[in-house]
Amino acid sequence: MAQRHKYEYQVNPDTAAAKVIRMVGSGMRVLELGPGPGSITRHLHGNGCRITALELDAEAIAIVSEYCEKVHPCNLNDAQWPALLGDGKFSVVVAADVLEHLYDPWGTLKKMLPLLADDGCVVISLPHVAHSAVVACLLNEDFEYQPWGLLDRTHIRFWGIRNIQKLFEDAGFKIVEADFVVRAPEQTEFASRWRKLPREARKALEWNRFGNVYQVVLRAVPQAAEGKALQLESLAVPAPGQGGFSAGAQRNRLLGFLISFLSLETRARISRLLQRLGIRH
């Protein structure tokens, strides 16, 4: 979901990262799968959490190690990854925008169960593929993968709300807390494709009350643990927030509107140029 190795931003409270950090809490022993260079890790560390991480990218490992007790080089597509942890137990296992990149997310989720300490939980964020902006891409016959976002070219698995529910139940979990990152199609990276749809088509897509859900963030516990099981489809969806108009827009509506006309490739090139110039954005 996120732009690779571009993590110098502050965490906006209306983002999946902020919701993950809140659900994890403070002072926990955390296993983080695929932390990248540590956009979430550094905040968990600041909250007094002790973190073990599994990460594939060597460059990211060099950065995130500062915030972890231990980082294991690891390919999560290797089914033997739990062996790296020995008999370690964790109060929270975090996988923020990770499962959609894996060949077997179902098996990976099941492998988290025995890693949990008593009263342990998993905190996980996932992109929602049935967002109306993605449907607009399909209706425009333009489902081209992008360098980041809902159609990140490294995504190989996709879920709707009902599929997310089943993913966790089949793995032996029940969802006890959930939160949605909500973005209107005009606030997404696909704003230009949304605008291409006829007014009647945009109106028809309002039928899906989850059509503005961009990401789902949830906390789940083993099915036998205490806690009321939630049904995602029964939850209310908040109105879209003010953020997320476009990457780099700094929550500026006009700037976000102008940026939305640029392709994601162009935005990525501009982002790299600004980084080389040392300009935070």
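How many salt bridges does the structure hold? The structure holds 10. Hello everyone, and please keep in mind that what we are looking at is a predicted model.

Let me start with the overall picture. The protein chain has 281 residues, and 49% of them are buried. Its secondary structure comes to 10 helices and seven strands. If we take the contacts with a separation of 6 or more, 72% are between residues 24 or more positions apart. The accessible surface is about 13,700 Å², with 53% of that belonging to carbon and sulfur atoms.

Now let's go inside. In soluble globular proteins, nonpolar side chains tend to be buried together. Here, the largest nonpolar core has 37 residues, and the members that touch the most others are M112 and F168. Each of β1, β4, α4, β5, α6, β6 and β7 supplies at least two residues of this core. Find F168 on the screen: leaving aside neighbours within four places in sequence, F168 is in contact with L109, V122, I124, L126, F173, I175, L218 and A220. Apart from this core lies another one, of 32 residues, including V20, V64, V176 and V217.

Next, helix α5, residues 132-139. S132, A133, V134, A136 and C137 are the buried residues there, and they pack against α7, which spans 191-196. After α5 comes E141, whose phi is positive, near 55°.

At 25% relative accessibility D142 counts as partly exposed, while R193, at 11%, counts as buried.

Y145 is partly exposed, with a relative accessible area of 34%. Together with L138, F143 and F158, Y145 forms a nonpolar patch on the surface, and the four have about 330 Å² of accessible area together.

Back to salt bridges for a moment. The side chains of R22 and E177 meet in one, at 2.9 Å from N to O. R22 belongs to helix α1 and E177 to strand β6, so this pair ties together parts that are 155 residues apart in sequence. R22 is partly exposed, at 47% relative accessibility. Another salt bridge joins K203 and E206, at 3.3 Å between the closest N and O atoms, and both of these residues are exposed. There is also a network: K19, R22, E177, D179 and R219 are joined by salt bridges that share partners.

One more residue to look at is Y67, in the loop between α3 and β3. Is Y67 buried or exposed? Y67 is buried, with a relative accessible area of 16%. Not counting residues up to four places away in sequence, Y67 touches T41, R42, H45 and I51. The C-alpha atoms of Y67 and G46 are 8.5 Å apart, and the two residues are 21 apart in sequence.

Finally, the cysteines. C74 is buried, with a relative accessible area of 7%, and C121 is buried with 7% too. As for disulfides, the count comes to zero.

Terms used:
Residues are numbered from 1 along each chain as its sequence is written. This is a predicted model: local features need pLDDT of at least 70, side-chain atom pairs count only at pLDDT 80 or more; totals for chains, interfaces and linings use all residues. Side-chain values use heavy atoms; hydrogens and water are left out. A disulfide is a pair of cysteine sulfur atoms within 2.5 Å. Buried means under 20% relative accessible area, exposed over 50%, partly exposed in between (1.4 Å probe, protein chains only). Patches are made of residues with over 30% relative accessible area and no salt bridge: like charges are joined within 9 Å, nonpolar side chains (Val, Leu, Ile, Met, Phe, Trp, Tyr) within 5 Å. Accessible areas come from the Shrake-Rupley method with a 1.4 Å probe; for residues, only the protein chains shown count as cover. Helices (H or I, at least four residues) and strands (E, at least two) are DSSP runs, numbered from the N terminus. A nonpolar core is a set of buried Ala, Val, Leu, Ile, Met, Phe, Trp, Tyr and Cys residues joined through side-chain atoms within 4.5 Å. Contact means heavy atoms within 4.5 Å.
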